[in-house]
2 protein chains.
Amino acid sequence: MGQLLVEGMDEEGITMTASLREIFESRSIAVVGASEDPSKAGHQVVRTLLAAGYLGKIYPVNRNEKQILGLPCYSSIAEIKGPLDLIVISLPGKAVISVMEEAEQRGDVKGVVVLSAGFAETAIPENVEAQRQLVEIARRAGIRVFGPNCIGIMNPDRRLVTGFHPGISLVPGNVGYVTQSGALGGSLVTMALSQPKPLGFARFGHVGNMCDVSNQELIEEYGNDPRIEVILVYLEGVKDGREFMRVASRVTKNKPVLVLKVGRTQIGAKAALSHTGTLAGADAVYNGAFKQCGVVRANTVHDLIAGAKAVSMLPKPRGNRVCILTEAGGMGVVSMDEVEAGGVLELAPMSQETCERLTALLPPMAMVCKPNGYVDMTAAAMAKEFGDAIRLVLSDANVDMVVLNSIPPTFLPAMDVAQAIVPVVKELGKPVAACFTVGQAMAETRRYLEESGIPTFESPDYAVRALAMLTQATFSVSHPLGDVPSARHPILDRAVLEARHPLEPESLDFLSDHGIAVMPHVLARTREEAQRAAMEMNSPVVLKIVAPQVIHKSDIGGVKVNLQGNEAVGQGHDQMVNDVKSAIAAADIHGVLVVPMAQPGTEVIVGMVRDAQFGPTIMFGTGGVFVELFKDVSFRIAPFDKEVALDMIKETKGYQVLRGMRGEKQKDIASLAELLVQVSQLAARYPQIKEVDLNPIRVHENGYSVLDARILLDAE
Amino acid sequence: MGQLLVEGMDEEGITMTASLREIFESRSIAVVGASEDPSKAGHQVVRTLLAAGYLGKIYPVNRNEKQILGLPCYSSIAEIKGPLDLIVISLPGKAVISVMEEAEQRGDVKGVVVLSAGFAETAIPENVEAQRQLVEIARRAGIRVFGPNCIGIMNPDRRLVTGFHPGISLVPGNVGYVTQSGALGGSLVTMALSQPKPLGFARFGHVGNMCDVSNQELIEEYGNDPRIEVILVYLEGVKDGREFMRVASRVTKNKPVLVLKVGRTQIGAKAALSHTGTLAGADAVYNGAFKQCGVVRANTVHDLIAGAKAVSMLPKPRGNRVCILTEAGGMGVVSMDEVEAGGVLELAPMSQETCERLTALLPPMAMVCKPNGYVDMTAAAMAKEFGDAIRLVLSDANVDMVVLNSIPPTFLPAMDVAQAIVPVVKELGKPVAACFTVGQAMAETRRYLEESGIPTFESPDYAVRALAMLTQATFSVSHPLGDVPSARHPILDRAVLEARHPLEPESLDFLSDHGIAVMPHVLARTREEAQRAAMEMNSPVVLKIVAPQVIHKSDIGGVKVNLQGNEAVGQGHDQMVNDVKSAIAAADIHGVLVVPMAQPGTEVIVGMVRDAQFGPTIMFGTGGVFVELFKDVSFRIAPFDKEVALDMIKETKGYQVLRGMRGEKQKDIASLAELLVQVSQLAARYPQIKEVDLNPIRVHENGYSVLDARILLDAE
């Protein structure tokens, strides 16, 4: 999967695998499981193809019928004489396999859509096995499979639809849909088509169980299809996160990819096992991955449609500065709330000249540039003022885009307003989103505006969010994942050999070997060694027990801080060894680690976990109890460069602390970013490392100190 | 304002003031400024009254016309022979005053709606004066005024509408609207009426500038009106927050009040002046005030409508436990996301028996109780299974309500599903919200469901939020503001006399006088006094400079911590006095405050500010830099009792720290709540106190220590 095979013989010269594009353009479709019984999906597929006016041949297949909905019926696909491009199968589990075998024998079938559920999604062994067989035959025969458990594909160009939704319209347009849910995918299309100017689509694909064709493969196909200008994805999860990111990084360079990812509050059970893991809610990892590969995320179906309208209809903004031009204060306030809450756009700092000219133009009760970027024209503004005001605003070099709010129709006909602004907006070529509330009374005006290139929205918050998504799509940068060859390291090899995780001094040495600055440290095996080490460090010291069996050192007296002087160090050493021995009799004590007390600084955490979907994933967060409480953490997929590392630091609120709050000096953010890059490299280079936990790290004005380092290896 | 006058002679026996209810039921309306010109508001008002079929007399008034829209026209209101209840004025500023004078002379006019803008909202002195005159005449004449700058009132019972929105329908129902924005109020009604079963209304009032009738007075009137079961409020702000709370506390005892408060990111400039003040974003204060008086807050117009549907159509739930019953996994996941993100509802812990019976009932691929409270029936479920499944779920005593998601119509007709569930839902009497997506294909089914008492929603997140608002409305408790008589205190009096704020030792003594536990402290006037005090405390001490001119003590060496021993204390004292003198030559040093070092504990902040709308307002937050960073603060309006204090502590994330995280013991939350109550009492008792800042307070396992106390007096 993942790669797109072009038409032709494959390397071994045996089978030909069709491209997805060819399958979308199928010229003939067999519906296996077609029926005269309207309660059967197989009936509805034929009915829907007929109703849509499919531009190709339809072959119903059912050995018990002579004719279905007026079409001659075949008893098997072998009986079909002409070429056969696509098969839609609506039969229960096992029967699907026989159809696949017949398709293999024909040799001309390019694709199969398996509507039937009851395969791997049930997690029942025999059904999982049936899906495996299905894939095996498909691979052998060079047939691509959508599903099982899906509604398949739609292509308005050929009036092709393999699903069983009566009444879906095939309105052509520039959107490509990828969906993992037939229900929400269908809703999405229906909502898109019920916009004042229907938001038509070029391709629709529901991937179901993804036994063969996956969501990322569809994204890649849409990326290469010149008809498609916007890609909308409804995502529940990805099978191979890194492959998804590689594809998305390529595609988002050329066209926007908007994703509705649900399951945002589900937390993987596995990820909850370790301290860092409890924070690695899979959804936060998706957030980081999306940012890294330039994907724009929407939070609801309605937001996704709003964003798609903006992205598909509007020119690209030159920046993120928006002017709110409103006819009603209430709607203006709602817009302003959303500008601030969204955090993507900012109010345009319009020139004094623009403000003065607006004041001269507008009725005396208008509120102009209070604050700057906000203009309440009031209901006293007439159509001419709308036109003149939007001209002034759009002509200001500090304005990148405009949200225009108009109120429910009064005696100022909405259409007059629309006709006054359309030519100005067309002439000046900047993005404008309009909120013309509400209801039937505005329908005609909204249609006119959308046909003139101005998307319209039900309420001002949607208009603002739509422009925010347009801005994100315009300025998002993708950072493709690099390739780092796997490697071995003597410290890791030794630990594996001894079936244990690296001890803390080993972890520190390992990090140091890879350019990470660690504290000076000595593993003291006796009281005297500890005393000597402390003396040489010429500083108060920390003692920590080193024993593979001890995980939570402090709980059993295995950590002592701020010891000063020969006596204190010696006594601390002995007491620690005794305490640990009496707590864990079997503890294999390698010695006591002596480390100087660290300079003060801002505490942060850097962690690495292996995400089930995305592999090595780096976490950054503000230290202490507040990480748990406020989840002030960010994630990115390893490996990455310094630019990504800085992004992930800036994403947290803790960044404000690092920059220096309350008169504190700025901390060394550059070296912290360098550390994140180094950990991300390690994570990619050593797949045998399961988890890294550098917690806490103290960031100073110059450099940082890693106060505690834990590296866990994969037991397998 | 605020009180509702009943019909009859007032105390002085001179004028009669009509109740708002009488005005809503006006039997005759004069439209002053009526016109034959369709571009004038005065024309549209008459047209709209005629179109609505107003059940009363319409008198157009315009001295230049004989007839308007077929009705005889009057040259002034004096000319109108019959009784006149209500006047709608659509004339520019000054002319409004003359009409008011004529109305006063008639003696029978009960209410006036002033549509015209151009009064106090412009902040232009002569317009403000015109509004003042208007009010003066109205008071004298016993006439109630809506506006200026409003669209007035609607009452479907009498087909009465004073606005100029063509095409608004007057569908009777149980909702009462209060709006501060004509535009958003109009949108709200239009959206409500475009629901599958129109959400009709009993009364609508747009208060505009609120020169006389205010939003809280309308809320009170609706509270007393038996026709109204739900009150929807669009709020930009209140004039008198405490009066608003008193009214809301009374009304929410009997019927739900749902408020859309906009301007959530605006921060009062005044509030930003002091440290505590910067956090007192007015909107967070509104949040606290709403909770305190039982008001349910919605965040968007769409949420408000969703909540209103649930509250007006559904029975009250017995708890907050919801079962998500879905036909499609995607919609189920969206529902689950919203349950967790909303934080109001929780998944119902259904009995093992229910889970087992569901498993037996549903198709084999169904996901039952994974997790418990969630049932994905899959698209293989037929109408009968819908009916039987919802019966099982609703019969479980652990289920308080259900969200039912159905997918776009397939071969299973949506209406069959609806007809299977309606009788079960009616029989079992628990709230059910349905999401039947999407579009025209579902219109008939949604109408049937809503007419059968099951509200329907466009997407699953709205269904969940609607039930969450219903739950909040059911279980909200109002805590009416108590009355605390004002008082004086010698410490405050002395400070006022000397035109300064209380010094820190005075603040501590003042707090102590009111039962608040403060640290032992001594004001040392010499080095020797400081040393003696420290010795008697028998603990390391903190020294702090006491001088009215010094605000930021630590910045100029005015705080020294952890001093131990005679020498250290003496030296610390002298150095502090020198440092402060050289930093601020004019500093009037009263001495050095000696305080023992506090025990460790969890740091929190308690503050008091006077909010422009709500008066004395108490803030609680987690201490340190994180207050600023994460805004982990809660507000309530003073005075309040311990129950409210506990609510405000529990509202913060810091509550988890106080309860004891990471093996720490629980801190003394009860005494912290007591402290909040005491500060709230002080705030109410001493209006001369402008601000209190107890920051930080360290909360121990037993009791707390106030480490720094600052009281600022009102300069006026």
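Predicted model: local features only at pLDDT ≥ 70, side-chain atom pairs only at ≥ 80, totals over all residues.
**Chain A as a whole**

Begin by selecting chain A and displaying its secondary structure, which comprises 24 helices and 31 strands. Along the principal axes, the C-alpha atoms occupy a box of roughly 95 × 80 × 40 Å. Colouring by accessibility will show that 60% of the 716 residues in chain A are buried. Among contacts with a separation of 6 or more in chain A, 72% are between residues 24 or more positions apart.

**Helices α3 and α4 of chain A**

Two packed helices are described by the angle between their axes and the distance between the axes. Select residues 93–106 of chain A, helix α3, together with residues 125–141 of chain A, helix α4. Their axes come within 10 Å and cross at roughly 10°; α3(A) and α4(A) are therefore roughly parallel to each other.

Next, show side chains at the contact. From α3(A), display K94(A), V96(A), I97(A), M100(A), E101(A) and E104(A). Their partners in α4(A) are E126(A), A130(A), Q133(A), L134(A), I137(A), A138(A), R140(A) and A141(A). By class, the contact of α3(A) with α4(A) consists of 8 nonpolar, 1 polar and 5 charged residues.

**Helices α19 and α20 of chain A**

Move on to residues 527–537 of chain A, helix α19, and residues 566–583 of chain A, helix α20. Here the axes lie 9 Å apart and the packing angle is about 140°. The crossing of α19(A) past α20(A) is right-handed.

On the α19(A) side, the contact is formed by R527(A), A530(A), Q531(A), A534(A) and M535(A). On the α20(A) side, select N566(A), E567(A), V569(A), G570(A), Q571(A), H573(A) and D574(A). The residues in the contact of α19(A) with α20(A) comprise 4 nonpolar, 5 polar and 3 charged.

**Helix α22 of chain B**

Finally, turn to chain B and select residues 642–650, helix α22. Which residues of this helix are buried? They are V644(B), A645(B), M648(B) and I649(B). Orient the view down the axis of α22(B): the buried residues fall within an arc of 140°, so they line one face of the helix. An α-helix has 3.6 residues a turn, so residues three or four places apart point the same way.

Note on methods
Residues numbered from 1 in each chain as written. Chains lettered and ligands numbered in written order. Heavy atoms only, no water. Axes fitted to C-alpha atoms, helices over the stretch in contact; angles between N-to-C directions. Helix = DSSP H or I, 4+ residues; strand = E, 2+ residues; numbered from the N terminus. Left-handed = near helix turned anticlockwise from the far one by under 90°. Contact = heavy atoms within 4.5 Å. Nonpolar A, V, L, I, M, F, W, Y, C, P; charged D, E, K, R; others polar. Buried < 20%, exposed > 50% of the residue type's maximum accessible area, 1.4 Å probe, protein only. Arc of directions from axis to C-beta. Parallel < 35°, antiparallel > 145°, perpendicular 65-115°, else oblique.
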